[in-house]
Amino acid sequence: MSARDEHGSGRADAVRTRLLGGLRLFALSALLLAGVSSVGHLIGWVALTTTLGPTAYLLLAHPQSVTSRLRSAVTGHTVAVGVGLACLAAFGLWSHTSVAEEHRATAAQTGAQALAVGLTLFLLHVLDAHHAPAAATALLITSGITRPGPPLYGLLVGLALVLAIAPLLSVAASAQASGRGDSG
């Protein structure tokens with residue numbers, strides 16, 4: 001086999017590995033998020049929110065990353081929820097209409113959103129628990145989209161399910177791939 005053939009074979013193997021890895025992520029994320037949405041439907045809350053996509057991505061695609069550590073994800077979203085709720089209270093927005101319903105943000109909402117994300121990032125840095133999707137959680141709460149009550153309960157259920165199930169799916173898929181000799 002010539003060097004040119006070996007190079008082409010190596011490239012084909014790399015493409016195959018990427019495709020298999022992509023298909024694995026497609027299947028795992030679709031299964032996980034459809035399951036979360038189904039649970040939400042069963043309990044009557046919206047459990048599938050925008051913060052779950054990036055969280056699922058990190059936990060499934062990069063399970064060894066610092067931002068994917070379960071401690072970072074749990075701490076990140078817990079801090080974001082606490083800070084988001086505190087900012088709602090501090091800015092008097094507890095029952096305010098969401099930015100999605102109003103099609104604009106008030107000055108108080110903008111202040112709450114900016115402060116919530118800033119405080120979340122500050123605290124995650126201090127706690128050494130980096131998890132970028134937590135900033136989305138803080139925004140969802142302070143924008144009123146995931147306001148206290150059923151919207152927030154749904155978000156919490158969705159987060160709990162993703163944080164519990166995604167690492168298990170990732171380990172199971174990795175073990176299955178290792179058993180087949182796949183590296184993706």
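Y153 is partly exposed, with a relative accessible area of 40%. Partly exposed means the range between buried, under 20% relative accessible area, and exposed, over 50%, using a 1.4 Å probe and protein chains only. W45 falls in that class too, at 30%. This is a predicted model, so local features need pLDDT of at least 70 and side-chain atom pairs count only at pLDDT 80 or more, while totals for chains, interfaces and linings use all residues. Residues are numbered from 1 along each chain as its sequence is written, and side-chain values use heavy atoms, with hydrogens and water left out.

What do W45 and Y153 form? They form a tilted aromatic pair, 5.3 Å centre to centre with 55° between the planes. The rule takes rings of Phe, Tyr and Trp (its six-membered ring) with centres within 6.5 Å; planes under 30 degrees apart are stacked, over 60 edge-to-face, and the rest tilted. The count by this rule is one aromatic pair. W45 sits in the loop between α1 and α2 and Y153 in helix α7, 108 residues apart, so the pair links distant parts of the chain. Helices here are DSSP runs (H or I, at least four residues), numbered from the N terminus.

Next, the core. A nonpolar core is a set of buried Ala, Val, Leu, Ile, Met, Phe, Trp, Tyr and Cys residues joined through side-chain atoms within 4.5 Å. The largest one has 34 residues, and L32, L60, L155 and V162 have the most contacts inside it. Elements giving two or more residues to this core are α1 (3-43), α2 (52-61), α3 (70-90), α5 (107-126), α6 (133-142) and α7 (150-180). Setting aside neighbours within four places in sequence, L60 is in contact (heavy atoms within 4.5 Å) with R24, L25, L28, S29, L32, A166, L169 and S170.

Now α6. Eight of its 10 residues are buried, so α6 is largely enclosed by the rest of the structure. Among the buried ones are P133, A134, T137, L140 and I141. Just after α6, G144 takes a positive phi of about 85°.

P148 is in the loop between α6 and α7. Beyond its neighbours within four places in sequence, P148 contacts L85, L88 and W94. From P148 to L88 is 60 residues in sequence and 9.4 Å in space, C-alpha to C-alpha.

Last, confidence. The chain has a mean pLDDT (the predictor's confidence in each residue, from 0 to 100) of 89, and 89% of its residues reach 70 or more. Confidence is lowest in α7, at a mean of 84, and highest in α5, at 97.
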